[in-house]
Amino acid sequence: MAATDPGNIPGMDKTDFLRSVREALGRSPANSGRALPPARPYHRLEEMLPQLEEWAAEMETRLRENRPQLLDRFTDMAGRGGWNVHRVSGVESAIGCVDGLVGDIGATQVVRSGQSVFDEVPVDTGLEWRGIEITTIVRGEGSEREQLREIIRQADVGLTGTDYALAETGSLVILPRRGLSRLVSLVPPVHIALVRPEEVLESLHDLFLLRRLEYYRRGGEMGSYLNFITGPSRTADIEMTIVQGVHGPRSVHLVLIE
């Protein structure tokens, strides 16, 4: 096969591409190689805490009044995104659903996060009664951290809660915090997530409102990232063939507790 001449590769010229990026960032060609602020400053967040609290209260009222329709929409969008959605009534049904899912998978090792939902929905006892080894992952340091990673890699199922769920996209949002390893939702081949109805928001707009409010309440500390999960892991090869589970869970289950 003959070598490809880089100059003949179709698409935008490299110089034109870099120029368009600089223009989008508001940087002049003369300063393109230097880490300078944009020519036009980014819009500052000008809302004050009382205004954000008022908006958040209005949002909570709207969500509460429209919760049945909101849960229906969330269920629909999550299903479209590849989630296997299981709507259950109450804690006992949620425990039974998780127990059944893990049993159907034939799992022998389960890891779970240390989120508060497991204080309300104690799944451990039922799984241990079935002879399934369940480990609560609390992020460690040094050799302990590597040991926990190996436990996660060996697990058949990762079990988590969620901080927010978005009806707009069918996504779950997990916030970073001390002791919480995001690998629980990313590494095992099967991910099961518990969602409580009050965690379901309507849109990204609602989410960012709550995050701005948290930013002001915590004095500018808001965490470094948000973990959005929208269905199973998907990867496309050069021919755009979609394959699930190459770089994450191939099967995801969402237990919505009503």
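Predicted model: local features only at pLDDT ≥ 70, side-chain atom pairs only at ≥ 80, totals over all residues.
Biologist: How do strands of a sheet pair?

Modeller: They pair through backbone hydrogen bonds, either parallel or antiparallel. Here four strands make an open sheet, in the order E8-E5-E6-E9, with mixed pairing. Strands E8 (200-201) and E9 (227-229) are at the edges with a single partner strand each, so one side of each has no neighbour in the sheet.

Biologist: In which sense do E6 and E9 pair, parallel or antiparallel?

Modeller: Antiparallel, over three bridges; E6 covers residues 171-174. Within this pair, Val173 is opposite Phe228 of E9.

Biologist: Now the helices. Which residues of H2 are buried?

Modeller: Buried means under 20% relative accessible area, exposed over 50%. In H2, the buried residues are Leu52, Ala56, Met59 and Leu63. Viewed down the axis of H2, they fall within an arc of 60 degrees, so they line one face of the helix. Pro50, Arg64 and Glu65 are exposed on the face turned away from that buried side.

Biologist: What covers the buried residues of H2?

Modeller: The cover includes H3, E8 and helix H9 (204-217).

Biologist: How far does H3 reach from its first C-alpha to its last?

Modeller: H3 (residues 67-80) reaches 20 Å with 14 residues, close to the 20 Å expected at 1.5 Å a residue. Its buried residues are Leu70, Leu71, Phe74, Thr75 and Ala78. The face of H3 turned away from the buried side has Pro68, Gln69 and Arg80 exposed.

Technical notes. Residues numbered from 1 in each chain as written. Heavy atoms only, no water. Pairing = 2+ DSSP bridges. Helix = DSSP H or I, 4+ residues; strand = E, 2+ residues; numbered from the N terminus. Expected span 1.5 Å × (residues − 1). Buried < 20%, exposed > 50% of the residue type's maximum accessible area, 1.4 Å probe, protein only. Arc of directions from axis to C-beta. Contact = heavy atoms within 4.5 Å.
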